[in-house]
Amino acid sequence: MRDFYEDFYRLTATSTAHAEFCERVFGRDLCQHGFADMTQLDALIAALRLQPGARALDLGCGSGMIAEYISDCTGAHVSGLDYIPEAIRIARTRTAAKADRLAFAVGDINALELPPKAFDAILSIDSIYFSDDYARTIGELKRALRPGGRMGILYSFGREPWVPL
């Protein structure tokens with residue numbers, strides 16, 4: 001799986017075909033590799049009630065385009081975490097001028113080391129299913145939320161054609 005995502009982020013960084021695909025299917029090119037469209041993403045942002053100065057974590061941020069969009073829309077500081085070093089490199093390079101409100105780090109959803117009570121909001125878009133132990137992962141995420149913090153998870157479920165109904 002790691003090889004797939006390394007290639008995915010390296011190739012989509014300059015792919016006009018993928019950019020057009022995202023624009024047509026999701027409503028905007030945020031280098032999506034999942035099922036969340038702009039209506040769902042904007043509803044998530046509204047539910048999280050992010051404001052300037054708030055701190056948010058985007059778990060499974062990929063190349064950081066959704067984290068950047070959220071920060072641009074809300075003024076919140078967004079930290080992105082992903083286990084693909086190439087995706088994090090791309091995110092850091094692209095957003096270097098916005099380092100005052102965007103930060104990206106390599107990390108594993110199955111070995112979270114988040115500071116306690118560090119975030120006003122945590123979001124996971126099409127990434128929570130990479131957890132090997134949902135109870136442990138959600139527990140770690142809850143520990144990283146400040147009192148009154150919010151967690152938003154978009155989880156898509158699909159069925160491969162060869163899997164019986």
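Trainee: Is Cys 22 buried or exposed?

Mentor: Cys 22 is buried, at 0% relative accessible area. Keep in mind that this is a predicted model.

Trainee: And what about Cys 31, buried or exposed?

Mentor: Cys 31 is buried too, with a relative accessible area of 10%.

Trainee: How far is the sulfur of Cys 22 from the closest cysteine sulfur?

Mentor: That closest sulfur belongs to Cys 31, and it sits 6.1 Å away, too far for a bond. A disulfide needs the two sulfur atoms within 2.5 Å.

Trainee: OK, switching to the core. Which residues have the most contacts inside the largest nonpolar one?

Mentor: Leu 41, Leu 50, Ile 70, Phe 104, Leu 123 and Ile 125, in a core of 24 residues. Helices 3, 4 and 5 and strands 3 and 4 each give two or more residues to this core. Helix 3 gives the most, with five.

Trainee: What does Leu 41 touch, leaving aside neighbours within four places in sequence?

Mentor: Leu 41 is in contact with Leu 30, Ile 66, Tyr 69, Ile 70 and Ile 125. Apart from that core lies another, of 13 residues, including Leu 112, Leu 114, Ala 118 and Phe 119.

Trainee: Now the outside. Which residues form a nonpolar patch on the surface?

Mentor: Tyr 134, Ile 153 and Tyr 155, with about 290 Å² of accessible area together. Tyr 134 is in helix 6, residues 134–144.

Definitions and conventions
Residues are numbered from 1 along each chain as its sequence is written. This is a predicted model: local features need pLDDT of at least 70, side-chain atom pairs count only at pLDDT 80 or more; totals for chains, interfaces and linings use all residues. Side-chain values use heavy atoms; hydrogens and water are left out. Patches are made of residues with over 30% relative accessible area and no salt bridge: like charges are joined within 9 Å, nonpolar side chains (Val, Leu, Ile, Met, Phe, Trp, Tyr) within 5 Å. Accessible areas come from the Shrake-Rupley method with a 1.4 Å probe; for residues, only the protein chains shown count as cover. A salt bridge is a side-chain nitrogen of Lys or Arg within 4 Å of a carboxyl oxygen of Asp or Glu. Helices (H or I, at least four residues) and strands (E, at least two) are DSSP runs, numbered from the N terminus. Buried means under 20% relative accessible area, exposed over 50%, partly exposed in between (1.4 Å probe, protein chains only). A nonpolar core is a set of buried Ala, Val, Leu, Ile, Met, Phe, Trp, Tyr and Cys residues joined through side-chain atoms within 4.5 Å. Contact means heavy atoms within 4.5 Å.
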